[in-house]
Amino acid sequence: MKNLNPAFPMNPSTTRNCCGYCGATSYHRVVARDETGAMRYTDTLQCSGCSREFANLDIWRQGGVQTPTHPPVVSAPAH
């Protein structure tokens, strides 16, 4: 069968879905306190294996530049 959409591989198992640094296969969103003290999810991702923080999945997969390790800033949602 011919792949009609080259953006999606025919064999998804060949797609690399692991940390480019340590090889871990999982990550999670970072939780931090906002200015009111409430715990909220941030946009930052953290590898479950090496604990490096990343801005997006492509950087996690490729082992790109790590984001700064300072605590993430979270804004309280507007009401």
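# Briefing: a β-β-β-α chain

From the N terminus on, the elements of the protein chain run β-β-β-α. That makes one helix and three strands, where helices (H or I, at least four residues) and strands (E, at least two) are DSSP runs numbered from the N terminus. This is a predicted model, in which local features need pLDDT of at least 70 and side-chain atom pairs count only at pLDDT 80 or more, while totals for chains, interfaces and linings use all residues. Residues are numbered from 1 along each chain as its sequence is written, and side-chain values use heavy atoms, with hydrogens and water left out.

**Whole chain**

- Of the 79 residues in the protein chain, 19% are buried; buried means under 20% relative accessible area, exposed means over 50%, and partly exposed lies in between (1.4 Å probe, protein chains only).
- The accessible surface of the protein chain is about 5800 Å², and carbon and sulfur atoms account for 55% of it. Accessible areas come from the Shrake-Rupley method with a 1.4 Å probe, and for residues only the protein chains shown count as cover.
- Contact means heavy atoms within 4.5 Å. Among contacts between residues at least 6 apart in sequence, 45% join residues at least 24 apart.

**The sheet**

- Strands of a sheet pair through backbone hydrogen bonds, either parallel or antiparallel.
- In this model, three strands form an open sheet in the order β1-β2-β3, with antiparallel pairing. The edge strands are β1 and β3, each of which pairs on one side only. Two strands count as paired if DSSP finds at least two bridges between them.
- Strand β1 (residues 27–33) is joined to strand β2 (residues 39–47) by six bridges.
- β1 and β2 form a hairpin with five residues between them, and Gly37 in the turn has a positive phi of about 95 degrees.
- Two bridges join β2 to β3, and Leu45 has Phe54 in β3 as its bridge partner.
- Ser51 lies in the loop between β2 and β3 (53–54). Ser51 has a positive phi of about 65 degrees although it is not a glycine, and its relative accessibility of 42% makes it partly exposed.

**A nonpolar surface patch**

- Val31, Met39 and Tyr41 make a nonpolar surface patch of about 320 Å². Patches are made of residues with over 30% relative accessible area and no salt bridge; like charges are joined within 9 Å, and nonpolar side chains (Val, Leu, Ile, Met, Phe, Trp, Tyr) within 5 Å.
- Val31 lies in β1 and stands opposite Tyr41 in β2. Val31 is partly exposed, at 40% relative accessibility.

**Cysteines**

- A disulfide is a covalent bond between the sulfur atoms of two cysteines. The rule applied here asks for a pair of cysteine sulfur atoms within 2.5 Å, and the count comes to zero disulfides.
- Cys18 has its closest cysteine sulfur in Cys19, 7.3 Å away, which is too far for a bond. Cys18 is buried, with a relative accessible area of 18%.
- For Cys50, the closest cysteine sulfur is that of Cys47 at 3.8 Å, which is also too far for a bond. Cys50 is partly exposed, at 28% relative accessibility.
- Cys47 lies in strand β2 and is buried, at 1% relative accessibility.
- Leaving aside neighbours within four places in sequence, Cys47 is in contact with several residues, among them Cys19, Cys22, Ala24, Ser26 and Trp60. Cys47 and Ala24 are 23 residues apart in sequence but 7.2 Å apart in space, C-alpha to C-alpha.
- Ser26 lies in the segment before β1 and is partly exposed, at 34% relative accessibility. Ser26 and Trp60 are 34 residues apart in sequence and 10.0 Å apart in space, C-alpha to C-alpha.

**Salt bridges**

- Side chains of opposite charge can pair when their charged atoms come close. A salt bridge is a side-chain nitrogen of Lys or Arg within 4 Å of a carboxyl oxygen of Asp or Glu, and the count comes to two.
- Arg40 forms a salt bridge with Asp34, with the closest N and O atoms 2.7 Å apart. Arg40 is partly exposed at 28%, whereas Asp34 is buried at 7% relative accessibility.
- Asp58 and Arg61 meet in a salt bridge at 3.8 Å, N to O. Both lie in helix α1 (residues 57–62), three residues apart, about one turn of the helix.
- Asp58 is partly exposed, with a relative accessible area of 45%, and Arg61 is partly exposed at 25% relative accessibility.
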